[in-house]
Amino acid sequence: MAIRDILTVPDPRLKQVSKPVERVDDDIRALMDDMLESMYAADGIGLAAIQVGVPLRVIVMDLARSGEKPQPRYFVNPEILDASGELQPYEEGCLSVPTYYDEVERPDRVKIRYLDYNGAEVVEEAEGIYAVCIQHEMDHLEGVLFIDKLSRLKRDAAIRKVKKLERQKALDAAE
Ligand code: ZN
């Protein structure tokens, strides 16, 4: 396993539409292992493959709270079969938009279908934070970030904040 670099805005690769996975094989499992390790290292709860520069429809997630036993989840070619319930606001963040958080409204229940780590098909209902997270990650597969759902003013402010942060990181590294 290896920790991979996570792309940040405004990297144009984050705008790509990811392609379906043909077969859940050892290469895809190795990718998922790396993604999970990279996500844990960055203190995230969800990560899409495009965030490490791989344009495939693969997502990893772990919603366990700190101190709880890890609960890794893996999603290949996920689809939303049904979105029901009310739109609920939730303050979202993203490893590709570090340190910026803002409220986004999404349906609070979704029915999803995906292939798991072993390639088996799963159909289940997601609600609460799970529903928020899977919808956020699935947007990445379409090249959409949560800040794309905000006003242009807020989006520009978020990107400026991340650019500044990245510049500072580069300076610190050069010292
Ligand atoms: Zn994200």
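Which strand is Tyr 90 found in? Select Tyr 90 and see: strand β3. Keep in mind that this is a predicted model.

**Stop 1: the sheet**

Colour the strands. Five of them form an open sheet, in the order β1-β2-β3-β4-β5, with antiparallel pairing. Now pick out β1 (46-48) and β5 (121-127): these are the edge strands, and each pairs on one side only. Turn the view along the sheet. On average, neighbouring strands are turned by 35 degrees against each other, direction ignored.

**Stop 2: β3 and its partners**

Select residues 72-92, which make up strand β3, and residues 102-115, which make up β4. The two pair in the antiparallel sense over 12 bridges. Ile 80 has Ile 112, in β4, as its bridge partner. Val 76 stands opposite Leu 115, also in β4.

Go to the other pairing of β3. β2 and β3 run antiparallel and are joined by five bridges. Show Ile 59, then look across to β3: Phe 75 stands opposite.

While the side chains are on display, recall a rule for regular strands: side chains alternate between the two faces of the sheet.

**Stop 3**

**Stop 4: a nonpolar patch**

Switch to a surface view and return to Tyr 90. With Ile 45 and Ile 129, Tyr 90 makes a nonpolar surface patch of about 240 Å². Is Tyr 90 buried, partly exposed or exposed? Tyr 90 counts as partly exposed, because its relative accessibility is 36%.

**Stop 5: the β2–β3 loop**

Select Ala 64, in the loop between β2 and β3. Ala 64 counts as buried because its relative accessibility is 19%, and the cut-off for buried is under 20%.

What is Ala 64 in contact with, leaving aside neighbours within four places in sequence? Show Lys 69, Pro 70 and Gln 71.

Finally, draw a C-alpha to C-alpha distance from Ala 64 to Ser 38. The two are 16 Å apart in space and 26 residues apart in sequence.

Note on methods:
Residues numbered from 1 in each chain as written. Predicted model: local features only at pLDDT ≥ 70, side-chain atom pairs only at ≥ 80, totals over all residues. Heavy atoms only, no water. Pairing = 2+ DSSP bridges. Helix = DSSP H or I, 4+ residues; strand = E, 2+ residues; numbered from the N terminus. Axes fitted to C-alpha atoms, helices over the stretch in contact; angles between N-to-C directions. Patch = residues over 30% accessible without salt bridge, like charges linked within 9 Å, V, L, I, M, F, W, Y side chains within 5 Å. Areas by Shrake-Rupley, 256 points an atom, 1.4 Å probe, with all protein chains shown as cover. Salt bridge = Lys/Arg side-chain N within 4 Å of Asp/Glu carboxyl O. Buried < 20%, exposed > 50% of the residue type's maximum accessible area, 1.4 Å probe, protein only. Contact = heavy atoms within 4.5 Å.
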